[in-house]
Amino acid sequence: MGSCWEGIDESRLLIAPVPGPNGDGSARFLSLRHPKSGVRTSYLLCNGLLQELHWFKQPYGSWFLGDYVSEDGSLYTATPIDPVFIMLPLFEDARMKKGDDPGKFRQLDEILFVNDYPGYQQLFSIAKDCMEIVCESKEIGSTKFFRLDDKKVFAWLHYKVCQLKQTLPALDQNYAAREEKDTLADSVSILGEYLKDDPWLKLLCDHIKLDLPEAKRIAADIEVCPSAIESPVGSSNFSQGKNTSEKKTGRNVKQAKKAKVETESRNIKEMFTRASRRRN
């Protein structure tokens, strides 16, 4: 559903879930580090689910929002993101691993305490529920401790690649004619938007016998739907800047994403047009 938030200079249009009875009834923007680049980025926490924000803009266009005209015709969409991607860098740093030493167990509130990023504290219940898939945990009294586990992280990433490899052909019919290696490279490239090359992406490529530079070469440099990089903390006035580390992914996947966003854009424009006609 489309919604608009008042920004510092002008409104922006965001298509996102509406807080309702099926969730916790709340929605807020969080300022978090992007898991690959570390750049301050806006995310949406709505109904207890974390959403990433994407930006799309046609060459010409504007929005009619009630009696207000937004000259900036850009569109933001919120889509679910696996919170494990967001948490992975924090848990990696928190264990303080050195060499063969697996590192330390830490309390969750310690791991989620990040200077200048209070938004992570809002993810406590989410992290508590989802991070055991990639962590060892132990309880001492009433306190639970977590430590990132390399084998669990690797198994989780391998599962993600397999799921993407099965899903991508359904997004675009051109995948039926593509070689399996190319589809695999696109799958790894998508994961690479959320992972640092070292260590996880390199280890993953080694396991599936895919050369990391080759995977990046196969992935086309198509800029579509960049993430919303945030300017002021907690502000809904999103910057239109592009994070260069997020530009590369498979050509067909990006085309599928573009087609989906363009369809959403047309649908929301038609909705506003019908509403305007009814008022007149």
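This is a short tour of a predicted model, stop by stop, with something to select at each one.

Before you start clicking, note that residues are numbered from 1 along each chain as its sequence is written, and that side-chain values use heavy atoms, with hydrogens and water left out. Because the model is predicted, local features need pLDDT of at least 70 and side-chain atom pairs count only at pLDDT 80 or more, while totals for chains, interfaces and linings use all residues.

**Stop 1: an aromatic cluster**

Select Phe 85, Trp 156 and Tyr 194, which ring pairs link into a cluster. Rings of Phe, Tyr and Trp (its six-membered ring) pair if their centres lie within 6.5 Å; planes under 30 degrees apart count as stacked, over 60 as edge-to-face and the rest as tilted. By this rule the model has 4 aromatic pairs. One of them joins Phe 85 to Trp 156, tilted, with 4.8 Å between centres and 55 degrees between planes. Phe 85 belongs to helix H1 (residues 83-95) and Trp 156 to helix H4 (residues 150-171), so this pair ties together parts 71 residues apart in sequence. Helices here are DSSP runs (H or I, at least four residues), numbered from the N terminus.

Now turn to Phe 85 and Tyr 194, another tilted pair: 5.3 Å centre to centre and 35 degrees between the planes. Tyr 194 sits in the loop between helix H5 (180-192) and H6, 109 residues from Phe 85.

For Phe 85 the value is 6%. Buried means under 20% relative accessible area, exposed over 50% and partly exposed in between (1.4 Å probe, protein chains only).

**Stop 2**

Select residues 197-207, which make up helix H6; its buried residues are Trp 200, Leu 201, Leu 204 and Cys 205. They lie on the same side of H6, because they cover an arc of only 125 degrees around the axis (taken from the directions from the helix axis to the C-beta atoms). An α-helix has 3.6 residues a turn, so residues three or four places apart point the same way. On the face turned away from the buried side, look for the exposed residues Asp 198 and Asp 206. Following H6 is Lys 209, with a positive phi near 60 degrees.

**Stop 3: how the helices cross**

Show H4 with H5: their axes come within 9 Å and cross at roughly 125 degrees. Axes are lines fitted to C-alpha atoms, for helices over the stretch in contact, and angles run from 0 to 180 degrees between N-to-C directions. H4 and H5 are therefore oblique to each other. Next, show H4 with H6, whose axes come within 10 Å and cross at roughly 65 degrees, so these two are roughly perpendicular. Angles under 35 degrees count as roughly parallel, over 145 as roughly antiparallel, 65 to 115 as roughly perpendicular and the rest as oblique.

**Stop 4: charges over rings**

Select Arg 40 and Tyr 117: Arg 40 lies over the ring face, 4.3 Å from the ring centre. Then pick Lys 138, whose charged end sits over the ring of Phe 105 at 4.4 Å from its centre. The rule asks for NZ of Lys or CZ of Arg within 6 Å of the ring centre and within 35 degrees of the ring normal.

**Last stop: Pro 213**

Finish at Pro 213 in helix H7 (residues 212-218), which counts as exposed at 53% relative accessibility.
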